[in-house]
Amino acid sequence: MGNSDTKLHFRKAVIQLTTRTQPVEATDDVFWDQFWADCSIPIQDVFALVPAAEIRAVREESPSNLATLCYKAVERLVQCAASGCPSEKQRQIVLNCTRLLTRILPYIFEDADWRGFFWSTIPGAKRTGSLDEDDDENEARPLAESLLLAVSDLLFCPDFTVQSHSRSSPDASEEMRSIDSCEYIWEAGVGFAQSPPLNYVHDLNRTELLKLLLTCFSEAMYLSPSSDSSVLNPWVSFFCSAENRHALPLFTSLLNVVCAYDPVGYGFPYNHLLFSDRREQLVEQTLQILIVTLEHEAGSSAGAALQPSGPDNLFVNYLSRIHREEDLGFVLKGLAQLLNNPLIQTYLPRSAKKIQFHQELLILFWKFCDLNKKFLFFALKSSDVLEMLVPILFYLNDARADQSRVGLVHIGVFILLLLSGERNFGVRLNKPYTLRVPMDIPVFTGTHADLLIIFHKVITCGHQRLHPLFDCLLTVIVNISPYLKSLSMVAANKLLHLLEAFSSAWFLLSAPQNHNLIFFLLEVFNNIIQYQFDGNSNLIYSIIRKRNVFHQLANLPTDAASIQKALQRRKKSGISNMSSTDESMEGSRPAAPAEPGTLKASLEATPGIDKITEKSQVSEDGTMIAVPPVSDASEAESTSERSHEMLSWKSKLPLQTIMRLLQVLVPQVEKICIDKGLTDESEILRFLQHGTLVGLLPVPHPILIRKYQANAGTAMWFRTYMWGVIYLRNVDPPIWYDTDIRLFEIQRI
């Protein structure tokens, strides 16, 4: 298989195609069969033997030959699907046609003049590709539809991609016509109870067909991000429509294969080095197909996802309707187990298999939370959601200094923002944190809320390209703050640490929106003081110790001369050198920058926090009331404008509650220290634990929650991020390498 004679024969066929100036007739089967009938060429060899320059040359100089090659390859797939691939030779033809189309399609997509080719009909071609005999024979079907339907049929082809159920050997084509693919779902899980026996050959065949599907869907990579984001991907739209009779079993097969996958298997040390895990390749491909097909009507939220504003995407439809507790539990447990896989601690170095597709898993979890509110509420009704939180924080912390993984940090923060909009998330965070995941953060004893706050190292020690995420990260802390019963001293100090950094005059003035970060932090302190005072003596003590920061904020100079002076004094104070010297957790390693030469995909800018959140006020009965948005001040440039703007927001700083707390408690604490000669903070903390401010504070303000809100900007960000991940993860073979991608740029660090 794949020996030198076979390769030579195949290479000669490619040379003939590229050197012929005259069109080769579609009826010349002897010529066309050279590409798929007489050999078996592994996909890596197909990529080597069909060079990019030659594909482009045929496209430019012999366009009819390229068109006929594509047509004949699709025709063969359609014929084999209809016949049920009873012979080994037919199965080989399917794999060869699949590999060849995977190689050629990106070069069709990169040329705007060719992009519509697969959506045109071939003169004289019947409406084949559907195995439904009731089709109108006179109506020709576009090549793309024939291809997608043939691949869908082949993914449920007995003895090729699924186990045959028939004991006798009936006519294979009859079996294909009458097959109920819902009985052939690939894995037990959602909507299917039986787990078929593992068959590595079937897994390999599925993987190759899915690779071709992913290549079909990748037309999106060749459209610039400025294109209309509401335009649906025609390949995905058709594949996920009611025209595809396998849509439901395909969706459940893909989902179940991902969520049932156990990379550790029987758990023998180093077993992944002894055996090749073919299932892992299938899981990666199914996961990538899933996230691409679930990119619904660009940027609409779950409510709008099912509006008939285009062909109904059945994958989105099915996902949004999963509701049985056991199904929701199966998905959540499966995703949590896979995301936690790289955190597994073993005594033998590198003895446990570590998966690499965590970014795709995070996107799938995001899709579930966004499109299926029952799933979101299920995840939050118990502490199971914390099984997702810990790995998310692990990945964010690990990636914070690596500019090639900025997208990973963004998706993690977006998930935290989405979760934090739900009251139950804040409540669940009060569960004690007892795991010892090796994160490069200070050692602490406390809750999951402490873990989330201490993780602010992403702000203080992250890559500068993370600056646009600061307001997102602080919004997460604001949203959870009314529900936090008891912060540890480490977390309390971190919050004050942030306030100190963000309240320096140079930082406040260095960008027009920087003062928003101070407003967020003051809101956190006010929420905890007003709603969770009793258990938060550590935070109250930290506020008293750092009371000067609040006094300085209240007395910020707003005259033009002081502002000019602050701007000139932009030292490297502020957040650039706020790295902590706390002792880190055992087994952790510092976040490392990207290795030189690492490839990364560029990303669209993320919209500001005001564009991606909607404010809601929590009423006394717990219901949410929307708060109308307030327009922000425009960017001020001159010193006098900055002075005026600073005066404007300084007068709105919500300092009343904190100043009243300091006014009441500071004299009491000072008196105790003098009277008892105290120098031990534990005594002061004990006093604060039993203190009360009932009747002494201003009337509690209403709780404001900022819920994530999708829009066209976030939809385009997700599209570029998702396809960037897929591009960089498909390197064997490198499907899209060196083609004219328009959606993002590939940059070398």
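User: Which residue in β6 is the bridge partner of Thr613?

Analyst: The bridge partner of Thr613 in β6 is Tyr708. The model is a predicted one. The general idea is that two strands count as paired when at least two bridges are found between them. Here strand β4 (residues 613-618) and β6 pair in the antiparallel sense, over 6 bridges. Another position in this pairing is Ser616, which stands opposite Ile705 in β6.

User: How many bridges join β4 to β5, and which residue in β5 stands opposite Gln617?

Analyst: β4 and β5 run antiparallel and are joined by 3 bridges. Gln617 stands opposite Ile625 in β5. The hairpin of β4 and β5 has 5 residues between the strands, and Gly622 takes a positive phi near 90 degrees there.

User: In what order do the strands of the open sheet lie, and which strands stand at the edges?

Analyst: The open sheet is formed by 3 strands in the order β5-β4-β6, with antiparallel pairing. β5 (624-626) and β6 stand at the edges; each has a single partner strand, so one side of each is left without a neighbour in the sheet. From one strand to the next, the twist averages 40 degrees.

User: How many of the residues of β6 are buried?

Analyst: For burial, the cut-off is a relative accessible area under 20%. By that criterion strand β6 (residues 703-708) is mostly covered, with 5 of its 6 residues buried.

User: Which residues of helix α17 are buried, and against which helices do they pack?

Analyst: In helix α17 (residues 373-380), the buried residues are Phe375, Leu376, Phe378, Ala379 and Leu380. The buried residues of α17 pack against α15 (325-340), α16 (358-371), α19 (406-420) and α20 (423-428).

User: Which residues have the most contacts inside the largest nonpolar core?

Analyst: The largest nonpolar core has 246 residues, and those with the most contacts inside it are Phe35, Phe118, Phe217, Phe525 and Trp723. Leaving aside neighbours within four places in sequence, Trp723 is in contact with Leu214, Phe217, Ser218, Ala220, Met221, Val292, Leu743 and Phe744.

User: Which residue is joined to Pro733 by a cis peptide bond, and where does Pro733 lie?

Analyst: The omega angle is the value to read. A cis peptide bond joins Asp732 and Pro733, with omega about 5 degrees. Pro733 is placed in the loop between α34 (712-729) and β7 (746-748).

User: What is the phi of Asp738, and where is Asp159 found?

Analyst: Asp738 has a positive phi of about 65 degrees, although it is not a glycine. Asp738 is found in the loop between α34 and β7, and Asp738 is exposed because its relative accessible area is 53%. Asp159, also not a glycine, has a positive phi of about 70 degrees. Asp159 is found in the loop between α7 and α8 (172-178). At 44% relative accessibility, Asp159 counts as partly exposed.

User: How many helices and strands does the protein have, and what percentage of its residues are buried?

Analyst: The secondary structure of the protein comes to 34 helices and 7 strands. Of the 749 residues in the protein, 57% are buried. The protein exposes about 31,900 Å², of which carbon and sulfur atoms supply 52%. Among contacts between residues at least 6 apart in sequence, 80% join residues at least 24 apart.

Definitions and conventions: Residues numbered from 1 in each chain as written. Predicted model: local features only at pLDDT ≥ 70, side-chain atom pairs only at ≥ 80, totals over all residues. Heavy atoms only, no water. Buried < 20%, exposed > 50% of the residue type's maximum accessible area, 1.4 Å probe, protein only. Helix = DSSP H or I, 4+ residues; strand = E, 2+ residues; numbered from the N terminus. Contact = heavy atoms within 4.5 Å. Areas by Shrake-Rupley, 256 points an atom, 1.4 Å probe, with all protein chains shown as cover. Core = buried A, V, L, I, M, F, W, Y, C linked by side-chain atoms within 4.5 Å. Axes fitted to C-alpha atoms, helices over the stretch in contact; angles between N-to-C directions.
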